[in-house]
Amino acid sequence: CCCCCCCCSHSCELLPIPLDHEGQIPSHLDAIMSSRQAAGLALPRVLYTIPTGQNPTGSVMSQQRMREVYDLAQKWDLVIIEDDAYYWLQYPHGPDNVPGLNLRRKIPRG
């Protein structure tokens, strides 16, 4: 992906977060961050996520899962890069038709 190519060209360390049927698993993200902190290792500054149609699993994050990931991003001071190219395919009628919490309101889609 473009993000991976960009990171590799800047000598960034990529840390995979395990997935389940809803995408990234928050408890694993928290555990990775905690263990790196305890070991004195550099902490990641960016979280790359595909919340809708994760490739290759096709998973879609629930609103609860999004909230958990968002809360951990705040806890660990992570910038979230949300690659949500499939969002409008899932919700073609716009954000007013998305059930539950809309955490995506900070960055307009277009």
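**Close-up views of the predicted model**

**Figure 1. Asp77 is found in the loop between helix H3 (63-75) and strand S4 (79-82).** Helices (H or I, at least four residues) and strands (E, at least two) are DSSP runs, numbered from the N terminus. The structure is a predicted model, in which local features need pLDDT of at least 70 and side-chain atom pairs count only at pLDDT 80 or more, while totals for chains, interfaces and linings use all residues. Residues are numbered from 1 along each chain as its sequence is written, and side-chain values use heavy atoms, with hydrogens and water left out. The phi angle of Asp77 is near 55°, a positive value in a residue other than glycine. This positive phi occurs just after H3. Asp77 is exposed, with a relative accessible area of 51%; exposed denotes over 50% relative accessible area, buried under 20% and partly exposed the range in between (1.4 Å probe, protein chains only).

**Figure 2. The side chains of Glu13 and Arg36 form a salt bridge, with 3.0 Å from N to O.** A salt bridge is defined as a side-chain nitrogen of Lys or Arg within 4 Å of a carboxyl oxygen of Asp or Glu. Glu13 lies in the loop between helix H1 (2-9) and strand S1 (19-20), and Arg36 in helix H2 (residues 26-38), so the pair ties together parts that are 23 residues apart in sequence. In general, side chains of opposite charge can pair when their charged atoms come close. A search of the whole structure finds six salt bridges.

**Figure 3. Asp20, Arg65 and Glu68 are linked in a network of salt bridges.** In the salt bridge between Arg65 and Asp20, the closest N and O atoms are 3.0 Å apart. This pair links distant parts of the chain, with Arg65 in helix H3 and Asp20 in strand S1, 45 residues apart. A polar contact of 3.0 Å likewise joins the side chains of Arg65 and Asp20; a polar contact is a pair of N or O atoms within 3.5 Å, where within protein one must be able to donate a hydrogen and the other to accept it, and residues adjacent in sequence count only if both atoms are side-chain atoms. Arg65 also forms a salt bridge with Glu68, the closest N and O atoms being 4.0 Å apart. Arg65 and Glu68 both lie in helix H3, three residues apart, about one turn of the helix. Arg65 counts as buried at 9% relative accessibility, whereas Asp20 is partly exposed at 26% and Glu68 is partly exposed at 31%. Leaving aside neighbours within four places in sequence, Arg65 is in contact (heavy atoms within 4.5 Å) with Asp20, Glu22, Gly23, Gln24, Ile25 and Pro26.

**Figure 4. Ser59 is found in the loop between strand S3 (46-49) and H3.** Ser59 is buried, with a relative accessible area of 6%. A polar contact of 3.2 Å joins the side chains of Ser59 and Thr57. Leaving aside neighbours within four places in sequence, Ser59 is in contact with Asp20, His21, Glu22, Gly23, Pro51, Thr52, Gly53 and Gln54.

**Figure 5. Helix H3 has 13 residues and reaches 18 Å from its first C-alpha to its last.** This span is close to the 18 Å expected at 1.5 Å a residue, where the expected span is 1.5 Å times one less than the number of residues in the helix. The buried residues of H3 are Gln63, Arg65, Met66, Val69, Leu72 and Ala73. What covers these buried residues includes S1, strand S2 (23-24), H2, S3 and S4.

**Figure 6. Val46, Val79 and Ile81 form a nonpolar patch on the surface.** Together these residues have about 240 Å² of accessible area. Patches are made of residues with over 30% relative accessible area and no salt bridge, like charges being joined within 9 Å and nonpolar side chains (Val, Leu, Ile, Met, Phe, Trp, Tyr) within 5 Å. Accessible areas come from the Shrake-Rupley method with a 1.4 Å probe, and for residues only the protein chains shown count as cover. Val79 is found in strand S4.

Figure 7. Along the sequence, the pattern is α-β-β-α-β-α-β-α. Of the 110 residues of the chain, 32% count as buried. Among contacts between residues at least 6 apart in sequence, 61% join residues at least 24 apart. The accessible surface of the chain comes to about 7,100 Å², of which 58% belongs to carbon and sulfur atoms.
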